[in-house]
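Here are a few questions to work through with the structure open beside you. Take your time with each one before reading on.

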Amino acid sequence: MKIGSPERPLFVAIVGSGPSGFYAAEALLKQKDLAVRVDMFDRLPTPFGLVRGGVAPDHQKIKGVTLVYERVAQTPGFRFFGNVKLGRDISVDELKKRYDQIVYAVGNESDRALGITGEDLSGNHSATAFVGWYNGHPDWRGENFDLNQEAVAVIGIGNVAMDVTRILAEDPEELKGTDIAGYAVDALRNSKVKTIWLIGRRGPAQAAYSPAEINELGSLHSADLIVDPKETVLGSESQKDYADPENKKNVDYVAAKAKEGEGSKPKKIRLRFCASPVEVIGKDGKIVALKLEKNKLVLDENGNVKAKGSGEFDTIPVGLVFRSVGYRGIPISGVPFDDKAGKIPNLEGRVLDAATKAVVIGQYVVGWAKRGPSGLIGTNRADSVATVKCMLEDAVKIPSDGLTRDTDDKSTPALLESRSVRFVTFGDWKALDKLELENGKKLGKIREKFTTIPEMLGALPQKGPVSV
Ligand code: NAP
């Protein structure tokens with residue numbers, strides 16, 4: 001019997017149900033000459049990863065991509081096992097016994113620190129926490145942000161920083177009808193924040209935000225985007241970056257904004273370029289200010305523009321700091337991990353042993369866990385297709401002992417049931433989805449999310465699931 005034949009399909013476990021996981025499932029299930037079965041696992045009862053827990057609530061259009069994932073989930077051969085955590089409810093060895101190939105689509109669940117004095121003060125938060133909080137992610141719904149501050153700082157000028165700044169600056173009345181967590185709208189309504197400092201360590205030609213995002217920030221009804229004209233003048237080192245059309249749009253936009261001055265809107269977003277935080281200053285355990293060092297831009301040995309401290313400092317009074325300087329992965333028991341890079345070591349998506357760098361047979365990685373935290377949602381499609389290409393090349397080489405795997409349909413659910421794991425099927429998720437939409441309608445919102453796992457499981461039939 002050939003692996004990939006209708007009698008003996010290729011059995012694949014995908015761990016993680018965000019965009020990269022779904023694009024991998026899509027690429028696998030559309031193979032015409034290969035029968036494939038995909039079981040997708042997620043530690044949360046809900047699917048869609050960062051589309052649900054990361055994309056900002058005022059970006060509903062982007063969330064429309066879940067319609068594509070829903071279609072994948074309806075494809076024959078696909079099953080979803082939500083509320084199942086790898087390393088807790090099922091082990092890598094148990095997956096290996098049941099699946100020919102395993103794909104890690106686990107994203108980056110943690111974030112980078114700045115490594116400066118004062119980062120341990122209360123009021124110093126990661127963007128990850130704030131984003132998860134306003135999106136009702138069960139991991140973060142209990143976070144507490146003291147928005148009783150006149151001024152806050154957001155460090156980093158990528159698109160996540162744009163989201164965080166917008167949510168802080170936007171009129172909460174414009175957010176209340178979205179799928180934002182109800183407690184977050186309440187907190188934002190009571191927010192005293194008037195000034196948001198947005199701190200970029202390099203210049204406007206090197207900004208990581210997209211033109212659409214900076215435009216949106218500059219078009220809020222409730223806040224002015226204020227830029228110092230002097231900081232929009234480019235030096236010779238930035239001319240190469242400025243030649244890139246996206247960078248050019250970014251530079252031209254902020255240069256035009258700089259001419260508008262302070263404006264008259266109630267809140268102010270003060271965008272600073274070429275400044276790095278060097279110390280979070282506290283008093284009685286609380287943040288009172290942020291010390292910044294002005295940077296010069298220099299070319300490194302590869303011709304890339306780098307920020308270099310100038311030795312000139314200034315201090316801005318702020319009561320909260322949100323660092324938005326990039327995400328990083330966290331290790332999973334039984335899965336190789338490159339701690340320095342914060343991702344799963346791999347060669348074009350084939351997982352490598354962290355020590356020997358040898359290919360780990362039958363294990364693959366996609367998305368941010370593969371390449372680090374970069375790219376838009378759509379970037380993950382080509383990335384997952386590339387990993388699936390490797391998987392298909394390897395599938396034909398699976399030795400005959402692969403045929404001895406426990407590929408009985410009931411094997412995985414039986415194992416989970418034996419451990420009293422209340423796994424959530426895609427049908428269960430659709431029931432939760434319906435309830436969230438109905439609850440939202442009652443409140444005049446697109447969706448009212450369940451924000452704790454007990455709430456989610458409590459809304460489902462209590463008896464173990466009968467079909468997957
Ligand atoms: P990002 O795009 O990599 O931006 C990180 C920012 O942090 C950069 O400005 C970077 O500056 C800065 N930074 C890094 N280390 C720093 C340090 N030690 N001190 C000061 N600044 C530092 O990451 P992200 O914003 O987390 O976004 C991750 C990915 O998700 C991106 O691809 C983004 O486009 C995507 N995303 C898209 C959307 C959207 O389309 N609406 C929304 C959210 C996220 P340097 O450039 O100097 O390194």
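Q: Which residues of α1 are buried?
A: This is a predicted model, and its helix α1 covers residues 19-29. Eleven of the eleven residues in α1 are buried, so the helix counts as mostly covered, with buried meaning under 20% relative accessible area. The buried residues are Pro 19, Ser 20, Gly 21, Phe 22, Tyr 23, Ala 24, Ala 25, Glu 26, Ala 27, Leu 28 and Leu 29.

Q: Which strands stand at the edges of the open sheet?
A: Let's follow the strand order: the seven strands run β3-β2-β1-β4-β18-β17-β16, with mixed pairing. A strand at an edge has a single partner strand, so one side of it is left without a neighbour in the sheet. The two edge strands are β3 (78-82) and β16 (346-347).

Q: At about what angle does α15 run to β3?
A: Helix α15 is made of residues 411-418. This helix lies across β2 (36-42) and β3, and its angle to β3 is about 10°.

Q: Which residue in the turn between β12 and β13 has a positive phi?
A: Ten bridges join β12 (residues 286-299) to β13 (residues 305-317), and the two strands run antiparallel. Across this pair, Leu 297 faces Ala 307 as its opposite residue in β13. The strands form a hairpin with five residues between them, and the turn residue with a positive phi, about 85°, is Gly 303.

Definitions and conventions: Residues numbered from 1 in each chain as written. Predicted model: local features only at pLDDT ≥ 70, side-chain atom pairs only at ≥ 80, totals over all residues. Heavy atoms only, no water. Pairing = 2+ DSSP bridges. Helix = DSSP H or I, 4+ residues; strand = E, 2+ residues; numbered from the N terminus. Buried < 20%, exposed > 50% of the residue type's maximum accessible area, 1.4 Å probe, protein only. Contact = heavy atoms within 4.5 Å. Axes fitted to C-alpha atoms, helices over the stretch in contact; angles between N-to-C directions.
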